[in-house]
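Subject: Structure for your review

Dear colleague,

Please find below the sequence and structure that I am handing over to you. My notes on them follow.

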Amino acid sequence: MESLEAELDEARDLDASDIADAIEAIGFECTRCGACCKAVECGDDGDGETEEHTATVFPDEIRRLQGAGEGDEEYDFRDVARPMPYGLAEGEDGPEGETFEWALQTDDCGDCTFYAEDEAGTGACTVHGDRPLICRTYPFSVALDGTSQPMGEAVDGEDMVRAHECEGLGRDIDRSDAEELAAALKERAIRELEEAIAVRDNYEPVDPGPGEVVVHDSEGQKRPDGTPVE
Ligand code: SF4
C-alpha cells in the first residue's frame, strides 16, 4: 500500500474530466428512493434487524450542518454527528472505547437524522445545500487507498471510479451533471486523504475510561459532544 501522502498526490492529480467520462459511461440519476440515507435491512429472516445508516462526516462539515437549523437556530453537535461506531466495544452502559472520525447522526429507525419522506414516500434531504461530500457524491467513489467507501458493494467501475449499489445507476446523465459530480468526487478524495493524514499526525493515545468514548479526528481528541478531551 502506498503512503497516504502518495495517495493524496494521486488524488490531486486526478483528471476531473476523465472521472466525468467514467460517470457518464456508468450513468446515474437520483430516483429519490432514499436508500442511501436510510438504515439497511439485514437478512431476510423477518427478525426486523437493521444496520444503522453510517456515513462519514468531517469536522468542518459538522459545523456547517449545525448552522443548517431553521432561522437562527443551531443544531446541537450531537444532533448532527455521532462517534463512528467501528472499533467501539459494547460496554455495560453502551458503547465505549476509541474511534476515528464521525458519522452522521441517526434517528430511532437508524436512518440519517436529516432524511424525511413525504406522504407519497418520496425522500428528501432536509439539509440538501449543506449535505456532506459523501452524500454529494453517492453512489460513486474513487479507487484510492485511504479514501472511504460508502455503504453498499461496489457493483460497477471504470478504472479509478467505482459505483456502489444504487437503483439510479445506468440512467442517462447530462455532461454538466457528470462534471459537477466528478469535481465533487475529486474534492472528496482529496479531503478524505487530508483528513486521514491529519488524524494520523494528531493521534495521541488516550484511555477513555469505562463507559466513555473518545473520537480521534483531524483536529485532535474529542468527546462524543465534540468538546476536546483535556
Ligand atoms: S445528509 Fe441528507 S443526503 Fe446525506 S444521508 Fe442525510 S438525508 Fe441523505
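The model is predicted: local features need pLDDT of at least 70, side-chain atom pairs count only at pLDDT 80 or more, and totals for chains, interfaces and linings use all residues. Residues are numbered from 1 along each chain as its sequence is written, and side-chain values use heavy atoms, with hydrogens and water left out.

Strands are DSSP runs of E of at least two residues, numbered from the N terminus, and two of them pair if DSSP finds at least two bridges between them. Strand E6 covers residues 94-100 and pairs with strand E5 (residues 89-91) in the antiparallel sense, over 3 bridges. With 2 residues between them, E5 and E6 form a hairpin. Across this pairing, Pro95 in E6 has Glu90 opposite. E6 also pairs with strand E13 (residues 213-217), here in the parallel sense and over 4 bridges. In that pairing, Gly97 stands opposite Val213 of E13.

Thr99 is also part of E6. Thr99 is buried, at a relative accessible area of 1%; buried means under 20%, with a 1.4 Å probe and protein chains only. A polar atom of the Thr99 side chain lies 2.6 Å from the backbone oxygen of Met84, and one lies 3.1 Å from the backbone oxygen of Tyr86. Leaving aside neighbours within four places in sequence, Thr99 is in contact (heavy atoms within 4.5 Å) with residues including Pro83, Leu88, Val214 and His216.

Yours sincerely

Technical notes: Buried means under 20% relative accessible area, exposed over 50%, partly exposed in between (1.4 Å probe, protein chains only). A polar contact is a pair of N or O atoms within 3.5 Å; within protein, one must be able to donate a hydrogen and the other to accept it, and residues adjacent in sequence count only if both atoms are side-chain atoms.
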